[in-house]
Amino acid sequence: MLKTDGNTLILSLADILTGNKVEGEAILKALGLMCNGFSFDCGMVYDVNFMEQFCLMEHYETCEIALREKFEGNELTKKEWVRLAQKPMLHMEKSARNTVLETKMLEMYAVESLILAPVADENGTIYGMVALLNAKRKATLSRSDEKILSVLLSMLVRYTRIRMYQRKLDQAQKSLKSILDNTGIDIYVNDFYNHDILYVN
């Protein structure tokens, strides 16, 4: 249930996320804003590492809760990952009518209520996830609460996506530098227009 005015929450989150650099502190503040605004027990952001493991990067707790530090990408089937990537926000509550995916996700976190927002690229590949959860109670959200939460999560997902792209770029640069440095031949790169030397191995 929303404890604060929705427009105030959206403006507060926009204020937190403005800036030129993605910072963990801003993500923590954003998670805190959502947890306190909607009475969630915990908010988490996961990023995928090079071994395709989802690693907990930031978390905010309003009470003591056992956190899942990491999980393997292969814990879900390819079909289930595709389904997750297709929706900007999934709201799951423990019940007898849960789908297989919902049951898996709720059991994975051992919670009663879970909201997931995937951080995916333009091809639908998931590189991270934002999760909000309640361990022992259901999240009572009205339709308007869900809309506001969806807007807030999409803002945070866009913010964390910048970090995802920066990591991919850094990894590509390191790989290219490693290849160039270990080819056994001399390579140099110069600027096409002013002929300044940009790189030498």
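How many of the 201 residues of the protein chain count as buried? The share is 40%, where buried means under 20% relative accessible area, exposed over 50%, and partly exposed in between (1.4 Å probe, protein chains only).

## Basis of the model

This is a predicted model: local features need pLDDT of at least 70, side-chain atom pairs count only at pLDDT 80 or more, and totals for chains, interfaces and linings use all residues. Residues are numbered from 1 along each chain as its sequence is written, and side-chain values use heavy atoms, with hydrogens and water left out.

## Fold and dimensions

The protein chain has five helices and eight strands. Both are DSSP runs numbered from the N terminus: helices are H or I with at least four residues, strands are E with at least two. Their order along the sequence is α-α-β-β-β-α-β-α-β-β-α-β-β.

The C-alpha trace spans about 65 × 35 × 30 Å along its principal axes. Residues 24 or more positions apart account for 56% of them. S95 sits in the loop between strand 4 (90-93) and helix 4 (100-109). Its relative accessible area is 35%, so S95 is partly exposed.

## Surface and charge

The protein chain exposes about 12,000 Å², and 54% of that comes from carbon and sulfur atoms. Accessible areas come from the Shrake-Rupley method with a 1.4 Å probe; for residues, only the protein chains shown count as cover.

Y188, I197 and V200 make a nonpolar surface patch of about 350 Å². Patch residues have over 30% relative accessible area and no salt bridge; nonpolar side chains (Val, Leu, Ile, Met, Phe, Trp, Tyr) are joined within 5 Å, like charges within 9 Å. A salt bridge is a side-chain nitrogen of Lys or Arg within 4 Å of a carboxyl oxygen of Asp or Glu. Y188 lies in strand 7 (residues 188-190). Y188 counts as exposed because its relative accessibility is 55%.

There are 24 positive and 27 negative side chains, and the centres of the two sets lie 7 Å apart. Lys and Arg count as positive, Asp and Glu as negative; His and the chain ends are not counted. Each charge is placed at NZ of Lys, CZ of Arg, CG of Asp or CD of Glu.

## Backbone: positive phi

Most residues other than glycine have a negative phi. S39 is not a glycine, yet its phi is positive, about 60 degrees. S39 lies in the loop between helix 2 (24-38) and strand 1 (42-48). At 23% relative accessible area, S39 is partly exposed.

A110, also a residue other than glycine, has a positive phi near 55 degrees. A110 is in the loop between helix 4 and strand 5 (113-120). With a relative accessible area of 59%, A110 is exposed.

Definitions and conventions: Contact means heavy atoms within 4.5 Å.
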